Amino acid sequence: MDFQPTEERRMLADMIGKFIQNDYPLNARLAAGTSALGYCPEAYSTMAQLGLIGALFDEEVGGFGGSGFDIATVFTELGKGLVLEPLNDTALATGYILAQTDQLKLVEQIILGQKRVALGLIENGADYDWGAPETLARQSGAEWHVSGVKTCVKFAHGADAIIVSAQTPSAPGISLFLIEASTAGLAEHPFQTVDGGNACEITLHNTPAQLLGVEGAAYPLIDAAAARATLALCAEALGLMERIKDMTIDYMRTRKQFGSVLGKFQALQHRVAQMLLEIEQAKSAVINAANDLQAPSDERNRAISAAKYSIGRIGCAVAEEAIQLHGGIGMTWEYDLGHFAKRLVMIDHEWGDQDDHLMRFAQS
Amino acid sequence: MDLNLTEADQAFRQEVIEFLNAELPADISRRVHADLPVSKEDTEFWHAVLHKRGWLTYNWPKSFGGVGWSPVQQFIFEEECAAAGAPRILPFGLKMLAPVLMAFGSKEQQEQWLPRMCDGTDWWCQGYSEPGSGSDLASLKTTAVKQVDHYVINGQKTWTTLGQYANMIFCLVRTDSDCKPQAGISFILVDLATPGIEMRPIRTLDGGQEVNEVFFTDVRVPVANLVGEENKGWNYAKYLLAHERNGIANVGISGQKLARLKRLSLTQKRGGKPLADDPLFAARLARLEIELRNLETTNLRVLDGFSKGAGPGPESSMLKIIGSELEQNFDDLTRRALGRQAQAHTPEVFEPGYNGPQVAPQDMANQSAAYFNKRKVSIYGGSNEIQKNIITKMILGL
C-alpha cells in the first residue's frame, strides 16, 4: 500500500496550482460565471494546452492518464481554485463515451480543447435517475432521428455537440446518440446556475442523430461515464473543502472578539476539530473511489456511491459550518468563502445527492 | 391543561383569514411565497393596510395603541399571515425600537416617534454591529461626544438591514471609554438625512442587496435624541433581546414551508416515483414536522408564561436558536426536494410577461438563493453561539 502520489501526479498538481495562482483569479471566474457562455474559453483552451484534459484519458485514446487517481488529482486542484471551466461537463464523461464508441477523432479534439461535447441524460430535473429516458429515437433507412426534452444539460450552450440518451422502438435498453449543435430540430434554452456557469434545456424534434455504439446496449457505458464524472465531482468538492478549511482556520487565528482570537474559544475549537476530521473522512472516500474506478462495475459503483454520499453529507455540513464560524463576513459576496460554499452545496445536486447514493449503496 | 383552541380563538382565526383574503394582493403574496425580496413600496403598502385595521401594532400593550390580543391570538395572527404570504412586519421600528421607547423613552419621544413608525412616516433601521464588533457587540467603537446641545458621532456601523430604504436609524454608541465596555454605551436616534452619513450597500453571497454599511463623520445629533440615560444603552439593548419573543421562533413561516414541502413532495419525482414515497426524504420531512410541532408548543408556553408575568429568562434565546435552525432546515430540505432544479438561478421567470421554460417548479426558482440567504438567521440578532452563552449564563449562575 502506498498513499504517496506519484511524481508525475505531484507535478501535475503543482502545475495546476500555479496556473490558478497566476492566470485564474477569482474575480475573473465570477465574471465568466455570469457571462453568456458561463465559462472562460481562453482559460479552457489554456488548460487543454497544459494537458489537463489529456490527463483524464488513457494513452490508447490519445491521453496520458485516465486512471481514477489522475482524475482525482486534476479535479481536486481545480476545486481548490474554484475553477468553473467545464472539464467535467463537456470533456470527461462525453470523451469517455466517445472513446468507447470509436470516435477517436472527436476525442482528440476534446483533449486539445478544440471541441466540447455536452451530456444530456436528465429529463425530469427533480430526479437523479439517468437510467430511464423517455426521449425516443427512430430509425428510417440509415438515419436516426431523436425527439424529446433534456434538462439541466450543463454547459451545453456553445458546445459543439451533445450526447443524449434515448430509447428505441426495436431494442429494450438505452441507446446513446451524438448530435451536432447546429443540427436542425435542436433548440436550446440556456439558464444560469446558482454556483456560476450555465446549463440548458434542450428540445429535440425529429433531430438527425448518430447512434453511438450498439443500439440498446448503452447502459454500462453511461454507468462507467457517470462513475468518472461523479469521482471528478467528489475530488472537486474535496479541493473546495481544503480551501474552506484553510480560510476558516485563518479566520479562527486572526479574528478577535472578547479580547482574544476566536480560536481560543473551546466551543469553537471543537467545531473546527469536527470539521477537520470530517474532511479527512471525505478525503478517504475520494481515495477509495479513485482506487476502485477500474474495478468491476458493482464494486466500482459501491465506492463511487460511498464517496458521493460522504461528499454530499460532509460538503453541505462544511459549507454551512464555515459560514456560521465566520459570521456575517461569510455571508458576503466580497469574501471568497460564500462562492466556495455555493459550489460545494451544489455538487450535492449533480449525479445524485447524498440520499440518492446512500440508497444506491444500500441496495447494491 | 388544554391545548385546544377556544371557540373565540377559532372565530378570531376566521376573522384574520377573511381579512387577509380581502386585503392581501395576489402579486405580493406570490412574491413572498416564492421567497423573493419584498419591495419598499409593497412593505409600506402592507403596513398601511394593517395600520388601517389597527393590527400593525398587534403586539404592543393596549396603553400604547395595541389591540390587546392574547398570546394565542398573536400567535394565530402570525401563523395566518405567514400562510397567506403576507410581507413580514418590519421589526426594526415596531418590534425593536418601540419596546425600548415604551420602557425607557421620554413621554415626548414616545409621542414623537411611535405614531410616525405606524403611519409610515419613518422607516427605521438598526445601527448595532460594527466591523470589529460582531458577537462582541459591547466592544463597539463608534463614539458620540457631547457638545452642549448635540452629540457628535464618528464611526462605522455594519449589517444594517434595509438601511437603503430607511430615513431613521437607532444606534448604540460609545459615550464613555474609561469604564467596563458595557457601561459606556448609549442608545441614540439619528436622522439619516443628517450631514456626514454615508450608506453603502453590501452584496450578499446570494447576489442580493439587503444589508449595508453606515459611515458617520462628525454627525451632529440633538441631545433630545438620546433614549433614557447616557451610558445605559447596553441595558436597553439587553432588555430588548430578552423581551423579543413575538415571531422570533418563526413558527408560522416554518409551518408554511412545511405545507409547501408536502405539496412539492407529491409532484417532484425521485426514481420515477413521487418524492413523498422516498423513505429517506419522508424521514427528513417527518423529523422537521415533529420539531415544528414541539416548537409550536414551546413557543406558546413561553408566550403564555410572559403574559402571566414570568421572565425575562433565557426563553427568547431558546426560541431564537430552535426557530432559526428549524427555518434553515426547511430551506435545506426544500433545496433537496428540487434535485437538479435547485441549480437553476433564473430570476427572469418572475418577470412580468415571461413565457420561456420553467426549470424549477412554479414559484420555486429562488429557493437555492433563499437557502444561502437564510444562513444569516443563525448569525444575525445575536448569533446562536451568543444565544447559547446567554442561556448558560442565566442557568448556570457562575
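Analyst: Two residues are in contact if their C-beta atoms, placed from the backbone, lie within 7 Å. This is a predicted model, where local features need pLDDT of at least 70 and side-chain atom pairs count only at pLDDT 80 or more, while totals for chains, interfaces and linings use all residues. Residues are numbered from 1 along each chain as its sequence is written, and chains are lettered from A and ligands numbered from 1 in the order in which they are written.

User: Among contacts in chain B between residues at least 6 apart in sequence, what percentage join residues at least 24 apart?

Analyst: Start with the contacts in chain B whose residues are at least 6 apart in sequence. Then keep those joining residues at least 24 apart, and the share is 73%.

User: Is Val349(B) buried or exposed?

Analyst: Look in the loop between strand 11 and helix 11 of chain B, where Val349(B) sits. Leaving aside neighbours within four places in sequence, Val349(B) is in contact with Tyr354(B), Gln358(B) and Ala365(B). A residue is buried if 20 or more other C-beta atoms lie within 10 Å of its own, exposed if 12 or fewer, and partly exposed in between, with C-beta atoms placed from the backbone. Val349(B) has 20 C-beta neighbours inside 10 Å, so it counts as buried.

User: How many C-beta atoms lie within 10 Å of Tyr335(A)?

Analyst: Tyr335(A) is in the loop between helix 9 and helix 10 of chain A. Not counting residues up to four places away in sequence, Tyr335(A) touches Ile329(A) and Gly330(A). Tyr335(A) comes out as partly exposed because the number of other C-beta atoms within 10 Å is 17.

User: Which element gives the largest share of the side of chain A that touches chain B?

Analyst: Here 38 residues of chain A are in contact with 39 residues of chain B. On chain A's side, the elements that each supply at least two residues include strand 3, strand 7 and helix 9. The largest share, four residues, comes from strand 6 of chain A.

User: What is the bridge partner of Gln192(A) in strand 11 of chain B?

Analyst: Two strands pair if DSSP finds at least two bridges between them. Strand 6 of chain A and strand 11 of chain B run antiparallel, joined by two bridges. In strand 11 of chain B, Gln192(A) has as its partner His345(B).

User: Which helix gives the most to the side of domain 1 of chain A that touches domain 3 of chain A?

Analyst: Chain A is assigned domain 1 (7–115), domain 2 (119–217) and domain 3 (220–362), with bounds from an automatic or database domain assignment. The contact between domains 1 and 3 takes 20 residues from domain 1 and 26 residues from domain 3. Helix 2, helix 4 and helix 5 of chain A each give two or more residues to domain 1's side. With 10 residues, the one that gives the most is helix 4 of chain A.
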